[in-house]
Amino acid sequence: MNPKWQVPDLVAAMLLLATLAGCGRSVAMVAEPEPNPQLVDEIRKGGGEAAEEEQTAEAAPSAEPAGWGNLKGRFVYEGGAPAREAIDTSKDPVCTQHPVFNESIVVGDDGGLKDVVIYLASKKVPVNPEYEATADATVVLDNKHCRFEPHVLVMRTSQTIELHNSDPASHNSAISPLGDAPFNPLIASGQKADHHFNKQQNAPIPVTCNIHPWMRGYVLPRDNPYAAVTGDDGSFEIKDLPAGTWEFQVWQEAARFLAAKPEWKKGKFKLEIKPGDNDLGVIQVPASLFKK
Amino acid sequence: MSNMDSRFLTAATFLRRRAAWGLWAALGLAISSGCSTSVEPPQFRTNIQDILDAMDSHSPDEFRVTGREADEDDKATKEANIKKLELLSTLTYAAFGSPDEPYVFPEAQWNAEEKKGLDLKKITMAAGPTQGFAKPKREGLKKKQLGLFRQHCAHCHGVTGDGAGPTAAFLNPQPRDYRRGIFKFKSTEFVAKPTAADLKRTLVDGIPGTAMPSFALLPGDEIEALVEYVKYLSIRGETERNMAFDLLIQDEEIEPTRSAVLETYLQPIIDSWAEAEEAVIRPSERPETSTPEELAASIEEGRKLFFNKDAQCTKCHGPTGLGDGNDGSPADKRLFDVWNEKKQAGDMARWLLPKQELRPRNLRLGIYRGGRRPLDIYRRIHAGISGTPMPGAGPAPGKKETFTPEQIWRLVDYVRSLPYESASEPAEGETHVAAHTPSN
């Protein structure tokens, strides 16, 4: 051993280093939020109940709107349609009979962007009585030709989703909604499975089949009926919206919250709905918004 | 010369001693000044990661006080987000306390008549700082805290029960993150919580094939205290997660009152744990297989079902049961459990733990994480495995059975025979995975 250093010195040095290293706070992504001790005491004592009751009494049901309006528009992919990637489905011979393509960006011949979801993000929105008839309807998400049909499904939380299997082999349909019960049934050929969502989601959630791992669809359960998915030509229409200014959310699989216009932060925008027809026109979506 | 040498050495020794004193002094200074924070009691970590994942947000700047801001709107959103996080922290703290001072609302405490709630006595016993290597003193301890969770569990599962303790990064599979309220190995239906007996069994037996050891040597009351503490951390985590979802993702308001937290968030989760007993899968009787002929026939029938297009077992477990059924898939089509699916590969800083692929079980090893009894394997096939791609083949709410109980028992017999079967040629129509070439 080097005579200049004895064991106690080394121990001291190491301890010092360790202590200094320990002082450096771990690299926190976000500062830990601190609880408010006063409020903690109040909550534990059960305070604030009276105030809450008053507020509940005040919350009046949403007033009848001045009229009902429709909103339509069309999303167009700026730049040439990207080549569609064919998926190797040889894992299951049942799936090779029909070609399957990656569906994260689907652009029609006329540039229309398919499967863009547009939905009302505002809360406490009056619902047109026309929608009552379909409030407890059943919507179908089919496993067909080893893909989900439709690729993106919007529905209401009051409705039932029925997962079908039109293929000759079994599929599973795994859904893990946030703050809600997960679901993962094995669905044999010709069988079906019902499911209810207890909570609405703020963005479409994936439905996957793990037996055929390329299979990925999306479902968006919402408390109100105001949601639409663009069709083959990129157009959509939401009917019978209450008149007034509301906030809308736009989502697309590859871009997530779609800021198609610079002022649409995180894909959100406010719009005044007037009675009658409202038209967003053609919305050009720059290719740079999509993840490759 | 020798004089010079000795004088030189003396000086060196003197200097060395001075240096040593300096080091000791510096050490003392460091301990007394800079590190006062290290003696603060540990706190539960707020579940910011799941919030960011749910927001589809790629930037934690949305919560960071010193983060970048594009403009005034961004600044306002961020300030609102930070306020919401503080409220979330306050609500969660009010309902559950801290690792040293656990708390449960009186309404949520154990009710022996209704058989539901959290037993604060047991939780307190498992809570607190570890008592070190000495046998925990049971008498005269403040609040009867034995520090059991931090002694036995926290190094893998983390103080918060987020599965991100210091050891976690080195383990495959990663330790369970309790905060989703999802547990894989249990006797209950897919969506149901585990029973207390299920958690106890995991603690006593460990989980074969993983780093989870057996704690069979702990006294019975300590095991029970730990089971209750795991339940407490899970309920705490799920309550926090659901409140975070409503506050930050759905932009809902939560009144800072006991009744708001209890009625909307805590009570439904407490109820779901109490309902686990009723969700235990109790299959109809196993078909008689007492003679070798009967067993062979049952295995043969199970084998046919295993390769059946309704079962699809081979797509993940492989045509010969080696767990290699999905190996040829490209990197983005691999299998992940719900704890890993949102992570991005290689991004350690954001997710605390690396993204870990899920390997379907190799059925030829004879190692079964959820237990090796026929009943355990029956329950895996019937309900599937919560939090994973393994689907349930039995009946579920809203769904008719894919296989009858008898068929599931046949599958159980075949699966149990696999470790003793020679690695056969795949059944007709099945291609072996070697035919695929990984395309990453």
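User: Two residues are in contact if their C-beta atoms, placed from the backbone, lie within 7 Å. Among chain B contacts between residues at least 6 apart in sequence, what share joins residues at least 24 apart?

Analyst: That share is 62%. This is a predicted model, where local features need pLDDT of at least 70 and side-chain atom pairs count only at 80 or more, while totals for chains, interfaces and linings use all residues. Residues are numbered from 1 along each chain as its sequence is written, with chains lettered from A and ligands numbered from 1 in the order written.

User: How many helices and strands in chain B?

Analyst: 14 helices and zero strands. Both are DSSP runs numbered from the N terminus: helices are H or I, at least four residues, and strands are E, at least two.

User: How do H3(B) and H8(B) cross?

Analyst: The axes of H3 (72-96) and H8 (220-249) of chain B come within 10 Å and cross at roughly 150°. Axes are lines fitted to C-alpha atoms, for helices over the stretch in contact; angles run from 0 to 180 degrees between N-to-C directions. So H3(B) is roughly antiparallel to H8(B), the word for angles over 145 degrees.

User: Which residues meet there?

Analyst: Among them, B:Leu87, B:Leu88 and B:Leu91 on H3(B), and B:Met243 and B:Leu247 on H8(B).

User: Switching to chain A. What order do the strands of its four-stranded open sheet take?

Analyst: E4-E3-E6-E9, with mixed pairing. Strands pair if DSSP finds at least two bridges between them.

User: Which strands stand at the edges?

Analyst: E4 (147-149) and E9 (192-195) of chain A. Each has a single partner strand, so one side of each lacks a neighbour in the sheet.

Terms used. Parallel < 35°, antiparallel > 145°, perpendicular 65-115°, else oblique.
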